[in-house]
Amino acid sequence: MTEQKDNMDDFKVQTAKHSNISTAQLRPQNDHSRDRMSKRLSSESNGTSEGGVGSSTPVEVTALEESFRRFAIHGDTRATGKELHGKNWSKLCKDCGVIDSKNITLTDVDIVFSKVKKKSSRTITFDEFKVALGELARKKYKEKTGEEAEGEVFKLIEGKSPVIAGVTRAVASPTVSRLTDTTKFTGSHKERFDNSGRGKGKAGRVDLVDTSGYVAGYKHRGSYEKKITKPSVAKPM
């Protein structure tokens, strides 16, 4: 009887030690735990952690999206590249050849921009940008299907960057032209330039002393030197 009681006590102790194992195996998984498990496994398979922090897989950026970002930040150092305002949208359509002044005009571009943007916004997102291009594509390539037309417009934009215009040439006003016209200079200012308008340099600023020995205004200056240095011609025998 005493031995049977000891065996019963040992069985209770062993059961108490492993009670957590038995209950964990019998605990059913609810739908919420399954969703969390599948989400974690999906994140691990992509090389990312849950929530996107510390992602090791770079996000692929298409050529179209890269062009969108380049035009979105053009002329604005505070722009993030995620939104495109109306001015740069028009520039994009012009620089990339979407505007042809035949099927697509600047007015068409402005109308489509106002149509796709949010009512209280002044910019469009990349998704709205693609919708706007689809609108213009169907108008530009009427003979093609919707997908073919969009593909043609996308090709015009992919890989493109804003065109930087050259330095604007300043247009001189009549006042500036009069002040820079050397033919109208008088007095000492006139002496500083020759007939072609080119500066004489030091000769136009300083009175140089003539040490040649000739009287000022003498018309035959240098004729004597030419005469005495003239080579003699041998007389024929």
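Predicted model: local features only at pLDDT ≥ 70, side-chain atom pairs only at ≥ 80, totals over all residues.
Contact here means heavy atoms within 4.5 Å. Residues are numbered from 1 along each chain as its sequence is written, and side-chain values use heavy atoms, with hydrogens and water left out.

**Confidence**
- The average pLDDT of the protein is 76, and 68% of the residues score at least 70.
- Residues 20-29 have pLDDT below 50, with one contact in the model beyond near neighbours in sequence.
- Residues 39-59 also stay under 50, and the model has 12 contacts for them beyond four places in sequence.

**Helices α4 and α7**
- Helices (H or I, at least four residues) and strands (E, at least two) are DSSP runs, numbered from the N terminus.
- The axes of α4 (residues 63-72) and α7 (residues 126-140) come within 11 Å and cross at roughly 105°.
- Axes are lines fitted to C-alpha atoms, for helices over the stretch in contact, and angles run from 0 to 180 degrees between N-to-C directions.
- The two helices, α4 and α7, are therefore roughly perpendicular (65 to 115 degrees).
- From α4, Leu64, Glu65 and Phe68 meet Phe126, Phe129, Lys130 and Leu133 of α7.

**Threonine 123**
- Threonine 123 lies in strand β2 (residues 123-124).
- Its side chain makes a polar contact of 3.2 Å with that of glutamate 83 (a pair of N or O atoms within 3.5 Å; within protein, one must be able to donate a hydrogen and the other to accept it, and residues adjacent in sequence count only if both atoms are side-chain atoms).
- Leaving out residues up to four places away in sequence, threonine 123 touches Glu83, Leu84, His85, Phe113, Lys117 and Glu128.

Technical notes:
Parallel < 35°, antiparallel > 145°, perpendicular 65-115°, else oblique. pLDDT = per-residue confidence, 0-100.
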